[in-house]
Amino acid sequence: MLSLSPSSTTPPTYFSQNQIQAAISSFPHGSGAGPEGLTPQHLKDCISISAGDASTSLLTSLTELVHHLTNGHLPTALRPFLYGAQLHGLRKNNGDLRPIAVGCTYQRLVAKVCLRPYISRLHELLQPSQLRVSTSWGCEAAVHATRSFMAQTQGEKVLLKLDVKNAFNSIRRDTVLQAAKTHFPEIYPFIWDCYSSKTSLFHGDFRLDSATGAQHGDTLGPALFALAIHGVTSEVKSDLNLWYLDDGRIGGDPQTVLNNAAIIRNGLPSVGLEINNSKCELPIVNNTTSQERSQTTNLFQDVFPSISIPAPDLWQLLGSPLHQDSTPLHLEAKTKMLDNIIENLEL
């Protein structure tokens, strides 16, 4: 990674106290604490008007701290802790654990301040395929774009869902750093400090070292991940090419989609990723003969042996039904889930 080291000639980056204050205020209510135990609400309370002169003094100190970290001045020995995260394990429906990481509040603050000036640049670079980063209502946009594709297609079309295996934990950090150095040169010293060495993940008395993947609990994580895979996902030339971070949808005629899927499948290993065949799906759009559907199914199963062909009433994107007729079924399932949650609140 020596070639990726920050340049010694990079001019220092500075932010105003108003920018620091705005970043603190932008934390959602109820944001959790990282391994240091400090929550964003603590900072909000301490810089509020009710805190008097102490709020001004703290805001000045926080601004100095942000400048210190943004310009890569954190001692190496402190990086695993300040840029680490607190781990929480949530149970999935299949019994597996989903690790949820909450990063250090100071690191999240610096990331928020650093990211805000780049929103428009990210929007121009990642649009129109990547809808998770720098896109307002990106989830809704993805769903409506997919529904529009389905409504306007003529002839046999498919809507391939690509699932990337353990994506955030597997993305190569040298790829992340290269993307950051190219697109975020002004704040690269901070990103280098976060990603050039191991960081610590804490769970109770246990400490795990993290040396790969987009950093857990990092506000910059989604943007860095999207930039790292953009060189691969942007190569798709099909009627529909939508990504919500690692959740991809490619739509078009079967052969074109299959050719573009090969581009993704062959390109992802260069950034440390691979397709999870067992979680890929192939909705076949428009009414076709059983022979055509069988041919299309066989065409894709030769490449994705475990791919599933869901029934139309099960088609969904990011939790939203794609067929209007299936909306009642999805609403019924959501209602049952909420009923279970309400019952469990008593426990």
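Strand S6 (240–244) is joined to strand S7 (residues 247–252) by five bridges, and the two run antiparallel. Strands here are DSSP runs of E with at least two residues, helices are runs of H or I with at least four, and both are numbered from the N terminus. Two strands pair if DSSP finds at least two bridges between them. The model is a predicted one, in which local features need pLDDT of at least 70 and side-chain atom pairs count only at pLDDT 80 or more, while totals for chains, interfaces and linings use all residues. Residues are numbered from 1 along each chain as its sequence is written, and side-chain values use heavy atoms, with hydrogens and water left out.

**Sheet and covering helix**

Tryptophan 243 stands opposite glycine 248 in S7. The open sheet has four strands in the order S6-S7-S3-S8, with antiparallel pairing. Helix H12 (residues 254–267) lies across strand S3 (157–163), S6 and S7, and runs at about 150 degrees to S7. Axes are lines fitted to C-alpha atoms, for helices over the stretch in contact, and angles run from 0 to 180 degrees between N-to-C directions. Contact means heavy atoms within 4.5 Å.

**Helices H1 and H3**

The axes of helix H1 (residues 17–25) and helix H3 (residues 53–70) come within 9 Å and cross at roughly 95 degrees. H1 and H3 are therefore roughly perpendicular, a term for angles of 65 to 115 degrees. H1 contributes Gln17, Ile20, Gln21 and Ile24 to the contact, and H3 contributes Leu59, Thr60, Leu62, Thr63 and Val66.

**Loops and backbone**

In the loop between helix H6 (119–126) and helix H7 (138–152) lies proline 128. The peptide bond that leads from glutamine 127 to proline 128 is cis, with omega near 0 degrees. Serine 134 is also placed in the loop between H6 and H7, and its phi is near 60 degrees, a positive value in a residue other than glycine. Leucine 245, in the loop between S6 and S7, has a positive phi of about 60 degrees although it is not a glycine.

**Burial and cysteines**

The table gives relative accessible areas for several residues. Buried means under 20%, exposed over 50% and partly exposed in between, with a 1.4 Å probe and protein chains only.

| Residue | Relative accessible area | Class |
|---|---|---|
| Cysteine 104 | 2% | buried |
| Arginine 108 | 8% | buried |
| Leucine 245 | 11% | buried |
| Serine 134 | 18% | buried |
| Cysteine 139 | 22% | partly exposed |

A disulfide is a pair of cysteine sulfur atoms within 2.5 Å, and by this rule the count is zero. For cysteine 104, which is in no disulfide, the nearest cysteine sulfur is that of cysteine 194, 10 Å away. Cysteine 139 is in no disulfide either, and the nearest cysteine sulfur, that of cysteine 280, is 19 Å away.

Arginine 108 is in helix H5 (residues 105–115). Arginine 108 and threonine 146 are 38 residues apart in sequence and 33 Å apart in space, C-alpha to C-alpha.

How values were computed: Angles under 35 degrees count as roughly parallel, over 145 as roughly antiparallel, 65 to 115 as roughly perpendicular and the rest as oblique.
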